[in-house]
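Let's take a look at how two chains meet, and then at one residue away from that topic. Here is the model to keep open alongside the notes.

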Amino acid sequence: MKPSPLLLLLAAPVLAQDIFTQGEQVFQKTCAQGYCHGSGGTQGRAPKLIGRNFDTAVVTKVVREGVPNTGMPGFERSLPNDQLQAVIAYVLRISGADVSKMPNAAAAVAAGAPVRPMSAGVRRGKDLFFDAVRGEKRCGTCHALEGWGIPIGPNLAAGGPYDAAALRSGKKSSIKTATAGRDSFPAVVVEQSKEQVRIYDLTVLPPVLRTFVPAEIRLSDGSSWTHAGVTGAYTDADLGAIAMYLGWMAR
Amino acid sequence: MKLAGVLIAGAMTLAAQPEATRNDWPHHFGTYQAWRYSALDQINATNVGRLTPAWAFQTGDEEGGLQATPIVVDGVLYLSTSHNHIFAIDGVTGREIWKYTYTLPKGFTIFYGPWNRGVAVGGGRVYIGTLDNSVVAVDQKSGRELWRVNVEEANQCGCNITGAPLLVKDKVIVGVTGGDSAHRGYITAFDAATGRQAWRFWTIPAPGEKGHESWSGDSWKFGGGSSWMTGSYDPELNMVYWSVGNPAADFYGGSRKGDNLYTDSVVALDADTGKLKWYFQQVPHDVWDFDTAYENILFDLPVKGQVRKLLLNINKGGYTFVLDRRNGKFISGYPIVKHINWIKGTDEDGNLVGRNDPEVGKSTLICPAIGGGRSWNQAAYSPLTKWLYTTAIEWCQDVVSQPEQPREGQVFFGGTFVPRDPPGERAYSHLDAYDPVSGERKWTYRSKYPLLASVLATAGNLVFTGDPEGYFFALDARTGDKVWQFQTGSGNRGSAITYEVNGRQYIATPSGFGSAVAGLVTQLWPEAERFRRGSTLWVFALQERAH
């Protein structure tokens, strides 16, 4: 059995007080916040944590990965590893688990996954890709990467390398023209069956996933849609930075 | 003939009173004017003792309780539940006509809880906002999905939609949560037929826009300003009135110096373009999480002898603001809670007086508590008594403010709080009748536990609401005397409505305790942890007499 990071830490009880203090600070800032677990885990909207006698593996998994389809997010991506370990230790302690031989943060960091470095240029590209200030006119409206964005257009972690010009022109071969009544618009086909036709309507951003019965809609090849028409909020320099980010993603 | 005379008189009253509902409950707050008042009077203060269950509908999804307001059109109820199910239900028999379930992306984490507060119905479609921040239209007859559009990707924004959409002419308008996250809020309108985005109003102005100067540095980018409840609409002025929530971080304002427009404001938008017509900011530079998030009640009442077009809004800080809805001019203000210490009051222009800001690293007792001097559960206005009926909660909290850096889409709260009893007494709740303009209290009904369900007023001189113990009850609208109650099996956190089919009046109420604030209740009332969960729509009518 693969030992949990926490079990690797039993050898260093000297730092135990530190990790609980740090864990409490992280908890107060992150988990007690808003309407969640309440100050000290007393219960808010989210469940009470005090006295629950949690198992180490369960707390580790839940804090790292969250609980799908509930309000509990995973903190693996948003908290540095030492803070993750500290908050896990703190939650275990308030839940009443035996923490007499609890972990030390340095070993916890060593046990965690390494973080791949991101240069300033790549960072800038990523920020632009998901730039919320641009509203619906950001890349993430139609492309998903790293768990953000909506996967309507192609996966840009593949298919590169890209440069600014390639990102401006994009690919439009898969985009069709849909005609429903008197309305004709560019469309990405998601599903075409005897029962229904589901297409993204690209008339304006954000795209609309529309469902038709087959008799209501006609699809033909080609369209007037252009990628340049939806990337107008970005300069060529912006697209260059985004290309760097996509290159980093592809590696 | 006498009966015909009564019917004609009734029809005339109806024609003169578009703010009242009758057979249908067409909009979230009853009508666009948000009175939550019905002209139906078959059930009244005299015969309400004969009110008895007609049918009950179990939704089967109890997580987060049942917080919705059902919509009724032509005898069919449209009810949304937690996890974005929609049911169409026969209003007479309780039979399920169809069910729609929105499919969430795989592995998706829900922010701000799984609940949903209602749908909008019109033009042959039913609209819902979803847990992953999409808007969906389904066919009103079949429940078949017609379109869905993602407003902003939810994993990034840490936001979603729990409030009911507002359908105005050819557009469906939705708000967004995210006020306690690092996020910048908005109100967005979509073409009702196609789902194509029509307009967006950002609740925080961008650089170069008027009001942007009320934010220091880059704080505007993640400054909150959610729009998590539903707007009202004045068809004559063509203005949509929407309430904007708190700035983020909630308790720490040091990194967002300035008034932080348009957080904690009522905004009036042109319904066709989304352009700002006027705004009134209730709480400049909020550091208490006292959203201006709730319903805007529109009525025309005399002020100093002259009838004015008014708008009434109660905020989370337990303070009521009455405005002129043509221009946003302040008319009057008054508290609905006894224990209020975050301000001393307002001056004659509606400016806050005597602020009590929490301090960094030091505990400050703030009243009311963050759950609100009142929560989002709505008030009612009756044109018979000309009184406002609203719930209120007497509770406080120790607040510690702390600096915090925003992380996009993550919780951005800037402090902690611990609920406390108010000075000198146990926390409690009440439902009161007020003169809406002067704030003069007419009567009060006291409750041990926080009243977290909306109020319904009817022409039968009744007001209905429910409590966390599961009692759904009726008070005489004139006196506040309890005249009827029924144990629904779980706490009440939704919004009761009334409708009529085939000459029979029905009262419907959601039962099923949940929500963020319901979670806080256990901190002051530990026994509330034992209150049973549920998700049931109860429907009542007068017992039919044997002939």
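## A salt bridge to start with

Which residue forms a salt bridge with B:Arg196? The partner is A:Asp201, and the closest N and O atoms are 2.8 Å apart. A salt bridge here is a side-chain nitrogen of Lys or Arg within 4 Å of a carboxyl oxygen of Asp or Glu. Across the interface of chain B and chain A, the rule finds five salt bridges.

A word on ground rules: this is a predicted model, with local features needing pLDDT of at least 70 and side-chain atom pairs counting only at pLDDT 80 or more, while totals for chains, interfaces and linings use all residues. Residues are numbered from 1 along each chain as its sequence is written, chains are lettered from A and ligands numbered from 1 in the order written, and side-chain values use heavy atoms, with hydrogens and water left out.

## The interface in numbers

On the chain B side, 53 residues are in contact (heavy atoms within 4.5 Å) with 48 residues of chain A. The area buried between the two chains is about 4000 Å², and carbon and sulfur atoms give 50% of that. Buried area is the accessible area (1.4 Å probe) that two parts lose on being put together, summed over both. In chain B, the residues losing the most area to chain A are B:Gln156, B:Arg196 and B:Gln197, together 15% of what that side buries.

There are also twelve residue pairs in polar contact between the chains, both residues at pLDDT 80 or more. A polar contact is a pair of N or O atoms within 3.5 Å; within protein, one must be able to donate a hydrogen and the other to accept it, and residues adjacent in sequence count only if both atoms are side-chain atoms.

## Strand against strand

Strand 10 of chain B gives the most to the side that touches chain A, with six residues. Strands are DSSP runs of E, at least two residues, numbered from the N terminus. Strand 10 of chain B also pairs with strand 4 (residues 208-212) of chain A, in the antiparallel sense over three bridges; pairing takes at least two DSSP bridges. Within this pairing, A:Arg210 stands opposite B:Trp147.

## A glutamine in chain B

B:Gln281 sits in strand 18 (residues 276-281) of chain B. Its relative accessible area is 11%, so B:Gln281 is buried (under 20%; exposed is over 50%, partly exposed in between, 1.4 Å probe, protein chains only).

The side chain of B:Gln281 has a polar atom 2.8 Å from the backbone oxygen of B:Asp259, and reaches the backbone oxygen of B:Thr263 at 3.0 Å.

Notes: Helix = DSSP H or I, 4+ residues; strand = E, 2+ residues; numbered from the N terminus.
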